[in-house]
Amino acid sequence: MVFPLLSLSLMLAGSHAVLADQVGTTVVGTLKVECHGDHGRAVILIPGLQGGPWVWQQTIEHLEKDHVVYAVTLAGFDGVPVPKDGGNLFDRADASLLQLIRQQKIDKPVLVGHSLGGTLSLRFAGEHAALISGVVAVDGLPLFPGMDRVSEQQRLAMAANMREKMSQSSAEEFKAQSTGYMQHIGVIDPQLAARYAPMNARSDIKATAEYMSEDLAADLRPGLNNANVPILEISPYNAPDFSRPPMAMSEAQKTAYYQSLLANAPQAKVVSISSSRHFVMLDQPSKFQHTLDDFLKSL
């Protein structure tokens, strides 16, 4: 079973302490953090692969009226430096998120993550459920779609191969990959693809390869047994993308598959939003915001 995230991987394979400044931006561990709003329930927005706060622009503008919003950027993405001392980037992002919540004394925030950020949010919920109120994962899952059909050894081999091939991309190839991804997997509207592809392409190539490899290798499903908080998984669906083999499936079938990957989470629910691709918040901003608002109000 192949989904847009797995299609992305195949397409790409082929081709510190807290510091504050005057504009409300901080650096916590490996994360760059922007703070918006001054009252209400805290929400932490985590973008996906190659993403930055621009992914959440409309979401931030809406939420900051009634929430304190922390928009984070992962190391290596959108101009944020990569740690010079190495280490697993996903592990360091997880530790930095914990550091952010503790040092800033953020009272039980809601984690809202897109793609890789959604996967990070689910992992955090399995580790530190008592520190958060809930999770919204936007097309981010505990296991890379399709990897439930291969062995752990095969998954790890695919991850290593992905890292090697992606890290060897030239700047021109990386830009072309980002453009193709946004056109065919990221969004439906070609104008949106043209607008956001260059933003994706300004991320670090080797960091992107490392995150992608770590994501492919991970299986976070066992940890979800401890994720005893409300979890909302948003599943995008665009009928033409799923009209022919090997990706032929109905919207209900895709929703059910996502639900199966979250079966270990006690309070997980999957909601489908159509017509949309991977960047649901860009394709369907009104539907996305309504869905997010309803979740926040239910907590």
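This is a predicted model: local features need pLDDT of at least 70, side-chain atom pairs count only at pLDDT 80 or more; totals for chains, interfaces and linings use all residues.

Mentor: The buried residues of H9 pack against strand E8 (231-237) and strand E9 (268-274). Helices (H or I, at least four residues) and strands (E, at least two) are DSSP runs, numbered from the N terminus. Buried means under 20% relative accessible area, exposed over 50%, and partly exposed in between, with a 1.4 Å probe and protein chains only. Contact means heavy atoms within 4.5 Å.

Trainee: Which residues of H9 are buried?

Mentor: An α-helix has 3.6 residues a turn, so residues three or four places apart point the same way. In H9, the buried residues are Lys 254, Thr 255, Tyr 257, Tyr 258 and Leu 261. Seen down the axis of H9, they fall within an arc of 160° (taken over the directions from the helix axis to the C-beta atoms), so they line one face of the helix. Thr 255 belongs to H9, which spans residues 251-261, and has a relative accessible area of 17%. Beyond its neighbours within four places in sequence, Thr 255 is in contact with Val 270 and Ser 272.

Trainee: How is a pair of packed helices described?

Mentor: Two packed helices are described by the angle between their axes and the distance between the axes. Axes are lines fitted to C-alpha atoms, for helices over the stretch in contact, and angles run from 0 to 180 degrees between N-to-C directions. Helix H6 (residues 171-186) and helix H7 (residues 190-200) have axes 8 Å apart and pack at an angle of about 140°. H6 and H7 are therefore oblique to each other; angles under 35 degrees count as roughly parallel, over 145 as roughly antiparallel, 65 to 115 as roughly perpendicular and the rest as oblique.

Trainee: Is the crossing of H6 and H7 left-handed or right-handed?

Mentor: A crossing is left-handed if the near helix is turned anticlockwise from the far one by less than a right angle, and right-handed if clockwise. The crossing of H6 and H7 is right-handed. Among the residues making the contact are Phe 174 and Met 182 of H6 and Tyr 196 of H7.

Trainee: Where does Leu 97 lie, and which residues does Leu 97 touch?

Mentor: Leu 97 lies in helix H3 (residues 89-103) and is buried, at a relative accessible area of 1%. Setting aside residues up to four places away in sequence, Leu 97 touches Leu 31, Ile 44, Ile 46, Leu 111 and Phe 124. The axes of H3 and helix H4 (residues 116-128) come within 10 Å and cross at roughly 65°. H3 passes H4 in a right-handed crossing. Leu 97 of H3 and Phe 124 of H4 are among the residues that make this contact.

Technical notes:
Residues are numbered from 1 along each chain as its sequence is written. Side-chain values use heavy atoms; hydrogens and water are left out.
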